[in-house]
Amino acid sequence: MDKVSASAAEAVADIPDGASLAVGGFGLSGVPEVLIQALHAQGARGLEVVSNNCGVDGRGLGVLLAAGRIARVTGSYVGENKEFARQYLSGELEVELVPQGTLAERLRAGGAGIPAFYTPAGVGTQVANGGLPWRHAADGSVAVMSPAKEIRTFRGRPHVLEHGITTDFALVRAWRGDRHGNLVFRRSAANFNPLAAMAGRITVAEVEELVEPGELSPDDVHVPGVFVQRIVQLTPRQAADKHVEKRTVRA
């Protein structure tokens with residue numbers, strides 16, 4: 001039951017080339033930076049990432065992106081990262097854009113064992129009708145487009161069929177965790193982390209504070225340990241290393 005790994009490097013050592021990853025975070029809040037850096041050092045390539053966004057230049061998933069390690073991204077937001085835009089428009093990166101709420105539910109559904117669901121989000125747009133450019137050719141033309149999705153009407157309103165997401169691995173960051181893998185997230189840093197943790201077949205969590213089993217109140221646990229296979233305890237310096245994308249202060 002003790003799921004604590006000796007290091008971040010050990011926790012990600014078996015992630016192979018071409019693996020699919022669900023990664024928590026929103027912007028740079030709640031991003032598993034230490035695990036991402038360990039995966040960068042490990043060298044896995046051709047990764048298929050599911051995450052709200054792909055970090056920024058030099059931070060978060062942007063580290064793996066700049067190194068050419070990511071082949072495909074399923075996400076909701078592509079701003080704040082010039083390298084992401086360059087790779088996408090030049091045909092080096094395949095991108096599936098998903099409405100943010102739909103992405104959240106696809107991860108939750110996959111983790112809950114629900115293969116698919118219907119939602120009104122995206123009906124009447126290219127999300128449902130197909131034609132979104134997933135991959136460009138080197139000359140800028142569209143090489144791969146999104147397919148049309150099944151539409152059904154419920155109570156007089158059309159809905160689009162969306163599939164649940166499961167991934168080979170998940171990388172998440174939690175505020176507190178115990179040796180059994182129970183996780184607690186703090187405020188906005190929760191974001192996509194609980195959903196990513198559910199969707200991964202093997203979930204690795206870096207935690208800012210590691211406690212012993214029984215110290216977390218069951219009422220406080222956001223993700224039970226059944227969803228988590230590996231825990232990495234951060235050092236105080238790693239836990240305090242937090243960044244924001246844009247900082248605005250008074251003159």
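Reader: What should I know before I start?

Author: Residues are numbered from 1 along each chain as its sequence is written, and side-chain values use heavy atoms, with hydrogens and water left out. The model is predicted, so local features need pLDDT of at least 70 and side-chain atom pairs pLDDT 80 or more, while totals for chains, interfaces and linings use all residues.

Reader: What is a cavity, and what is a pocket?

Author: On a 1 Å grid over the protein atoms alone, a cavity is a set of points where a 1.4 Å probe fits but cannot get out; a pocket is an open set with protein on both sides within 12 Å along at least five of seven lines. Lining residues have an atom within 4 Å of a point. Points are joined across faces, edges and corners, and a volume is the space filled by probe spheres set on them. Here, there are two cavities of 30 Å³ or more.

Reader: Which residues line the largest cavity?

Author: Glu 96, Leu 97, Gln 126, Val 127, Leu 132, Trp 134, Ser 146, Pro 147 and Lys 149 do. The volume of this cavity is about 60 Å³.

Reader: How much space lies in the second largest cavity?

Author: About 50 Å³. Its lining includes Val 23, Ile 36, Asn 53 and Leu 61.

Reader: And which residues lie nearest the centre of the largest pocket?

Author: Ser 29, Gly 30, Ala 189, Glu 208 and Lys 242, out of 21 lining residues. This pocket has a volume of about 360 Å³.
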